[in-house]
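Take a look at the fold below.

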Amino acid sequence: MRLPVLWLCLGCGCAVSPGPSCLSAQFRRPGDFVLGGLFPFGKDTVNLSARSEPTLLQCERLYMNGLIWALGMRFAIEQINNSSWLLPGVTLGYDIHDSCFEPLVALQPSLLFLSRRGTTAIGVLCNYTQYQPRVTAVIGPHKSDLCLVTAKLFSSFLIPQVSYGASSETLSNTELYPSFYRTVPSDKNLVEAVVLLLNQFGWNWVAVVGSDDEYGRAARALFLGTAGANNICIAFEGLIPTELAEPGAKRQLEDTVRVINSTKVNVVVLFAYSLPAQALLDASIAMGLGKKVWVGTEAWMVSDIAATTPNIQSIGTVLGFAMRAGTVPGFQEYVAELLGSVTQDGFCRRSRELSRLGSAEGPDTRCQQCDRVTLGDIWPRLGVTTVQPVHVAVYGVAHALHRALGCNAKGCPKTLIRSWQLLHFMNTLPFEVNGQSFRFDQSHGTNTGYKLILWAWRDGSLTYLPVGDYDQSLYIRRSEIQFHTADKKEPTSECFRRCEPGQFRRIKGFNLCCYDCTDCSENTFWSSADSTSCSPCPRHQWAPARSTRCHDRAERFLFWDEPLAVALAALAALTAALSGAAALLFLRHLRSPLVRLAGGGRSVLGLLWLLLQSLSCCLYVGRPGGARCALQQLSFALCLNGCLSTLLPKALEVTLVTEFPRLLRWVTRGRAWLLVAASFLVQALLCFCHLRLGPDFLVVDYASLPSEVLLVCGTRSWAAFALLHGFNSGLASACFLCTFMVQTPRGRYNVARGITFATLGCLVIWIFFLVIFATLRTVLRAVTQICTVLATSLAILASYFAPKCYILVCRPDLNTEDYCHNPAEEEPNTQ
């Protein structure tokens, strides 16, 4: 079968995003089933003349490897179309585009592949079972970064995508990428081979460097995990830039070389593509790193870019892995025939004409300059560039088509096959290419194994010398390896370094001399230079991180000179002063109607209790002790009870005067004082029970603070605590219930409202206090108690006593019998 028109449209360089300025190379041929191809043609300048009947087209700035891979796809498709047994009666077509080494650029042809056959539109459907895209399968792209973008796109449509170079282990996830396949081993296989190589030579102290892209980052991460499980210590791990023109790239490379040199390692494992690898090797040579063993991968080991670096022989020994791939019979002859028959006459004119006719579905590009490239320009790359993965990828799709169509020796049925129907046959059955059997494993990859390659210089030229093989196990021909060291002997790379004071040796692996120098954590200290752990400090001492000795802990409590303590003490003094001033004011107007209505002498007593309660805040500041801790709760309970007890007779009086007037005499006059005394006596008995059941005690806490010992009062018995403060809560609740519904006639003073708001404030404050107090165990515990004492005192002062003080001082005209009428005083006359 003759090859139809070869269409190559080339632009003027590569852009970051798709557009007219991006280099676009298209080989297009129709067929019953069309395969899409994504190959890298950008960033390297070569000139190519190609011939295909009846049209000629020549282009410039093609990346040589990408061109060879694209021609490899063409060659495989031609072989299949000329075959009488694989797809007889069925023709394969192709639609090949430039990926430009950029994920965003590769998306443009990928979207074109997904468009409905015969159109440039992508159908938006709920069910794509019957959807027929432009291509049946996709070959490529080459790099993992590009595949991670395109594989999600093609997997959404279940279009088979077979890469000939992407090795990232991330792509092995068949749940995320169900239609992605590759004809190269994954990075997991490569990392296993590298670890076996290091173990066989006893190199357990290495540096690992990766390029800052998907391939470098993923491979480096895999290596770090596998190396740690195989007793290999990492002296340094780093990333090198891929965009070498960016500011700071040179400095980052120099810093990497400088750190590698400081670690004193003799082995460097490098996961990178050719350009970043060349940049690191250049920096190593320029900075005089010295001769190391560089363990490389196929991404740069067999690249002439890295190998042609000036003075490359001075870096030491380069030993690494390249994919084990066979040759493709007839391919070199095919390329030679294609390039040898090129004619130049009228090429540019016909190229422009064809570009105008065929650019409707692609970028608007044209050939800027047409120069002849001889077969000698491309021939050296044919021996280096591995074409077999591309060849196997095309044949893998063809064999799946053969089985899906049900082809036999007579031909293939004319059946419409959807792309997703090929996945079953690609997953299950092996296929044969040039006498070699292949099959996609559970992760949709083909593990063909690796060759161990040594860079050998013979007569001044570089030779890739095979010195071993890897296929599940590693075999090395050591006698053929000549290390480029001063004594020509095998170098050693083992760890030995002295830890700094405050660091201990953390052994990595078992019975291994390699270790990390790890800082001693807080509250531990370094005891000796050979120590493999840090010694803990005694409980009464502490130590900062990376310490060589322990320090005595300082005591921590609420000090008098702390700003917070000073502020609280000032507030307590102010509250006590207000209570004392109010008591003096009430005492002066003791016989006035308003003071008699408020309780008379009982009100003065309640204010004195509030004064004592404010002064009790001093018990919470300063170094706590057993006696002080016991007095804190007792003083608060007794003082608060003394105040609430003086409010209770008035609350009962307000209720009984309207609801049960016959009982009013039990809460007035002298009997009211008996009620106050009885209430206080009950609270005193509860305080005695609290002391017997379990008073608060001093807690010496070494765990809460890193460098201090916390002295705080702890609650020994929550039952005793509830018993102590429960009675006061009951008093406040009783006062609130007796007064909150009481109505006072218009034009008279409402004494009930003051009691209602005062007791309500106490109850709300206590709810917040209990929630916070039960959870705190710091200096703030004492602060919380002080705030509760002061808030309770101020709530009673502001709600009950402050309005009366205002009338006594500012509105004496209201201090009359009519406005401050007390119905309880009339009760004996109404009986």
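Contacts between residues at least 6 apart in sequence show how the chain meets itself: 69% of them join residues at least 24 apart. Keep in mind that this is a predicted model. The protein has 831 residues, and 53% of them count as buried. DSSP runs give 23 helices and 27 strands. The accessible surface comes to about 36,300 Å². Carbon and sulfur atoms own 57% of that area.

Now go to strand 11. How many of its five residues are buried? Five of the five are, and the strand is mostly covered. V267, V269 and F271 point one way. V268 and L270 point the other way. Residues on both sides are buried, as all of those named are.

Strand 11 has partners. Strand 9, residues 205–211, runs parallel to strand 11, and four bridges join the two. Within this pairing, V209 stands opposite L270. Strand 12 covers residues 292–296. It also runs parallel to strand 11, with three bridges between them. Here V268 stands opposite W294. How does the chain get from strand 11 to strand 12, and through which helix? It passes through helix 7, residues 274–286, in a β-α-β crossover that is right-handed.

Next, pick out F271. It lies in strand 11, which spans residues 267–271. Why does F271 count as buried? Its relative accessibility is 0%, so F271 falls in the buried class, for which the cut-off is under 20%. Its contacts show what surrounds it. Leaving out residues up to four places away in sequence, F271 touches L190, V191, V208, V209, G210, S211, Y215, G216, A219, R220, F223 and T297. V209, the residue opposite L270, is one of these contacts. G216 is another. F271 and G216 sit 55 residues apart in sequence, yet their C-alpha atoms are 5.2 Å apart in space.

Finally, turn to the surface. F757, L760, V764, I767, F768, V771 and I772 form a nonpolar patch there. Together they have about 660 Å² of accessible area. Take L760, found in helix 21, residues 751–775. Is L760 buried or partly exposed? Its relative accessible area is 34%, so L760 is partly exposed.

Key: Residues numbered from 1 in each chain as written. Predicted model: local features only at pLDDT ≥ 70, side-chain atom pairs only at ≥ 80, totals over all residues. Heavy atoms only, no water. Buried < 20%, exposed > 50% of the residue type's maximum accessible area, 1.4 Å probe, protein only. Contact = heavy atoms within 4.5 Å. Patch = residues over 30% accessible without salt bridge, like charges linked within 9 Å, V, L, I, M, F, W, Y side chains within 5 Å. Areas by Shrake-Rupley, 256 points an atom, 1.4 Å probe, with all protein chains shown as cover. Salt bridge = Lys/Arg side-chain N within 4 Å of Asp/Glu carboxyl O. Pairing = 2+ DSSP bridges. Right-handed = clockwise from strand over helix to strand, strands pointing away.
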